[in-house]
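Open the model in your viewer, keep a selection tool at hand, and follow the stops below in order.

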Amino acid sequence: MALQGSVEIARERCKGCGLCITVCPFHLLELEEEINSKGYPPARMKPEPEDGKGCSACTMCALVCPEVAIEVYRVS
C-alpha cells in the first residue's frame, strides 16, 4: 500500500511566497484568493484530483517553507 500524505498549512504564518507550489512534484498546492490578516494570500491544498493521485508525503513543501508554516503527515 502506498503512503498518502496530508498537508497542513498555518494560514496566518504563510506569506504566499509560492516556494511550496514550485517544488510540489504533483502540483497539489495553490495560493488562496483570500488574504490572511497580514495581507498575504496563503498557500493551500487543491481539491483532491479526480485520478485519485494525491500527496505522496515527500515533505518538499515543508522543507522549502521559509516561515515553517507547513506540516506534512503520512497516512496509510
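Select Cys58 to begin: Cys58 is partly exposed, with a relative accessible area of 33%, where buried means under 20%, exposed over 50% and partly exposed in between, computed with a 1.4 Å probe on protein chains only. The model is predicted, so that local features need pLDDT of at least 70 and side-chain atom pairs count only at pLDDT 80 or more, while totals for chains, interfaces and linings use all residues. Residues are numbered from 1 along each chain as its sequence is written, and side-chain values use heavy atoms, with hydrogens and water left out.

Now display the sulfur atoms. The closest cysteine sulfur to that of Cys58 belongs to Cys61, at 6.3 Å, which is too far for a bond. The structure holds zero disulfides, a disulfide being a pair of cysteine sulfur atoms within 2.5 Å. Cys55 is likewise in no disulfide, and the nearest cysteine sulfur, that of Cys61, is 6.4 Å away. Cys55 itself counts as buried, at 12% relative accessibility.

The largest cavity has a volume of about 110 Å³, a volume being the space filled by probe spheres set on the grid points, which are joined across faces, edges and corners. Select Val7, Cys24, Cys55, Cys58 and Cys61, which are the closest to its centre among the 15 residues that line the largest cavity. By class, this lining has 13 nonpolar, two polar and no charged residues.

Move on to Glu32, in the loop between strand E2 (29-31) and strand E3 (43-45); strands are DSSP runs of at least two residues and helices runs of at least four, numbered from the N terminus. Glu32 is buried, with a relative accessible area of 16%. Beyond its neighbours within four places in sequence, Glu32 is in contact (heavy atoms within 4.5 Å) with Arg11, Pro41, Pro42, Ala43 and Arg44.

Finally, select Ala10, in the loop between strand E1 (4-9) and helix H1 (19-23). Ala10 is partly exposed, at 26% relative accessibility. Draw a C-alpha to C-alpha distance from Ala10 to Arg44: the two are 34 residues apart in sequence and 9.3 Å apart in space.

How values were computed: On a 1 Å grid over the protein atoms alone, a cavity is a set of points where a 1.4 Å probe fits but cannot get out, and a pocket is an open set with protein on both sides within 12 Å along at least five of seven lines; lining residues have an atom within 4 Å of a point. Ala, Val, Leu, Ile, Met, Phe, Trp, Tyr, Cys and Pro count as nonpolar, Asp, Glu, Lys and Arg as charged, and the others, Gly among them, as polar.
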